[in-house]
Structure formats: C-alpha cells, structure tokens
Amino acid sequence: MDIDRRQFLKQAGCTLLGGGVFISIGQFSPGIAKASQLPPLGTSTPVYGFVVNTFKCIGCGKCVEACKIENHVPVSCFRTWVERYLVTADGAVHVDSPDGGCNGFPPRDVPGIIKKAYFVPKLCNHCARPNCVQVCPVGATYVSPEGVVLVDEQHCVGCSYCVQACPYGARFINPVKKTADKCTWCYHRVKRGLTPACVLVCPAKARLFGNLNDPDSPLIKIFTKERVNVLKPDLGNEPRTSYVGLAEEVR
Amino acid sequence: MGRYRYILRLCIIIVLAMAGFIAVRSFLIPPSFGLHGDYKYMYYRADALKEQESIPVVYQGTEKCADCHEMRKYVMIRGGHADIACETCHGFLQAHSEDTKIRVPKDLSLQLCLRCHQYQESRPDNIPQIQDFNLHIKWSLKHGFSNPEELSMLNEFISNMKEFSEFTRYYPLCIDCHNPHAPGNPKVTIPHILKITRG
C-alpha cells in the first residue's frame, strides 16, 4: 500500500476522532436517554420533601439562626432566609429581609395603610430537575439518591456557574471555603433520623420535612388536605420544596 | 521495514501519550467519582455523600434533652409552648451534651420573647402579640386582680409611684409573670409584685 505522510496523518486523525466520538456516545447515551432515576414513589427508599406553610410563619427568624449555627454558615450568607412582604393600599409590594431575618424583624418602616402582610421563608428547592447540577463543569454538585441536591466541597472549583443558574437565588460562594454552598436539608441530620435544624426549632411548625414514601409522614396529610404550590413552576425545575398559601406577589 | 520506521515512531508516541493521559487522569480523578444514577444529575464522587453524613450534629433534638431533664414530660405538656423544641429558646445542645459542666446559657431577656410576640402586621393573628409593653402591663394589672382587697392594695401601690416608668423599671422581664414553659394566664399577686419591686 502506497501512502504518503499527509494522507496517513489525515486518515489516522479521522480514525481517532471518529473512535473518540463513538466511545463518547456509547458511554453517555444511556444516561441521556434516562429521565430522573430517583426511586419511584411507593418504594422503601426514602424520597424527601419539604413544605413551608406561609400561613403559620411568625417571622421569628429562629430557623435562620439555627441553620447558621448547625451548618457554620458565614455571617453575610444564608442557606435559608425569611422575607417579609408588605402590600400597601396603593398596591405597591415592599419586601425586606434584614440579616435574612436571623435576628427577627423590627417594626415596619413602610408608611401608610398595609393591605396585606405575611412572611415567606425561603431555602433551596432541591429541584427534581436542577439547573445548578446540569451546569456544573466539574461534577461537583449532584442529586443524592434521596433527591437532595448537594455540593462536593472537595471537588468544587468555585466558578459560580451554579450560583448564576439557580432561579431561586439559593446558592452562594462561601467566602471562607471559596466553594459553592447551599441548603442540604441538613443531610447529616436527616441520615441520623433527625429533622433539619430549621424544622426542629420552628416554634410555629411552619416548616415540615418528611419522607414522601412514608404514609405517616406529615407531608402526606398536607398534600392531601391543603392547596400546595411551588415557586416558579413555569421554569420546569420541579421543586421538591412546596408552599402552602403562596401569594401572587411571591417570586 | 525501513520505509515504515516513521509509522512505528508515530505509534510509539501515540501509545506513550495515551498512557500518560490515562495515568494523569487516574491520578487526578478520585476513585469513587462516577455515574451513580441518572447521568444528568448523579455523576459525582460517592465519598462526598459519606463526608456529608459525617458532619457533626449541633442541634440534637428535644428527645435528647428529655433523656436527662424531666421538664419536657411534666411541664411542657400544657400551654401554647408544648410543641416547641427546647433548643428553640435555650439554644443548641451540642456543647452541654458533650460535657454537662458546660451550662446552656439562659437568655431571660425581653428580646427573646418579643421575637415571637412583638406585634407585626405580617404575623398570624392567633399568636399573642404585644404592641406596647407599657400598655400591656397596665392592662394586665387592671384585669389581673378581681379580689377587692388586692385591688385596693394595687391602687395604693400605683398611687405611691411617682411615674409608671418607675414600675416598668423594676418589671423588666416577661418571665416575672409568665411561666415560659407553660404560658397562659400569668399568676401575678400583690406580694409577688412587691417582692420584685422592692428586691
């Protein structure tokens, strides 16, 4: 076979490239074809869920404080926070969250007649289809088998793509560790059979956590009896954190 | 053979480059890193899950407190605070449970109570709320005594005070009247007030 160097390099290059693409497709296509591989509801594997009852929240901020202490969250950052919504008579919506609600809320400084007022606790929604996980370039954020979205601190390079991608503003770059940080639903507590710290200390029982596969879970009753909604359902992230009494002003 | 020597050289270079790539890759990628479910969401380092699980617990739960303290069983079963975890008001248990000589700091301040009970428009109506602390005490005194003898003692007591603030100065804490473990109607008596105001 007569072949010159140029032809050989061309053919060898094409073969390597084609082989690489073929191997890549063979390796990744089964995963792409699959939908979420969380265990289906009704099995013994726990699938966790979280419900916030905005009718019950009294805005004491104990949840924010407990979260910070339990998870060593730096002062200027919040894994969970409480927002105060004040709707005045002219329809203007005022939202504030001084220190994330960590020290409670001072009396309002919004003048005029208040038409509607309520507190809304916020946290990571642990979406079933999370943007943050898809955009991570190094595989440092992932969904655990129980449906909890977690960050691998050892592997995170702190590029902030996930912080930008989260439509709920639930992520931040930890100024101490220089990595992405977020609510873990207190994974370390939950695996020990405890509830997340914010759920434990909530005096009004406005936060509920449970296993959706457990028929005795408090969540099942809520989902059956209450009108439950999620934040920004149109984005298609399928959040696992649900809200009772979500008003139209809340984003 | 001589005409294929350059191919052989190239093959050797490619094999060495691939071997080098595989060696560096295996060195850089943690052994437990891989696909653990759906490729989109479950491509991660499995050891990271174990690291998450091993984080120590700070808030240890009411049951842990009740292991040593009988309070939960006998006092906390009644009143509006019955369902509230100990650590909500007393703070986290971790240090105290590891070494009981380390006391849980007692926060007796007005601010702790007012975090839940100060009036806010945003707060649900079923939570007892105080808009003005002075008004609250005046109202409580007015409605707290039905016994004529006590009422006359109270009137005398109040008339002897130069200003109402003198009274509130001596009466700074919610827990002077309210039992925080079983809140309800406060048990206030004239001797109780005199004891607080006169030290």
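What follows is an account of the aromatic pairs in this predicted model.

The model is predicted, with local features needing pLDDT of at least 70, side-chain atom pairs counting only at pLDDT 80 or more, and totals for chains, interfaces and linings using all residues. Residues are numbered from 1 along each chain as its sequence is written, chains are lettered from A and ligands numbered from 1 in the order in which they are written, and side-chain values use heavy atoms, leaving out hydrogens and water.

Over all chains, the search finds 9 aromatic pairs; rings of Phe, Tyr and Trp (its six-membered ring) pair if their centres lie within 6.5 Å, and planes under 30 degrees apart count as stacked, over 60 as edge-to-face and the rest as tilted. One of them, A:Tyr142 with B:Tyr44, is stacked, at 4.1 Å centre to centre with 15° between the planes. This pair crosses between chains, from strand 5 of chain A to strand 2 of chain B; strands (E, at least two residues) and helices (H or I, at least four) are DSSP runs, numbered from the N terminus.

Are these two tyrosines, A:Tyr142 and B:Tyr44, buried or exposed? A:Tyr142 is buried, at 0% relative accessibility, and B:Tyr44 is buried at 2%; buried means under 20% relative accessible area, exposed over 50%, and partly exposed in between (1.4 Å probe, protein chains only).

Next, A:Trp185 and A:Phe209 have ring centres 5.5 Å apart and planes at 75°, so they are edge-to-face. They lie 24 residues apart, and both are buried.
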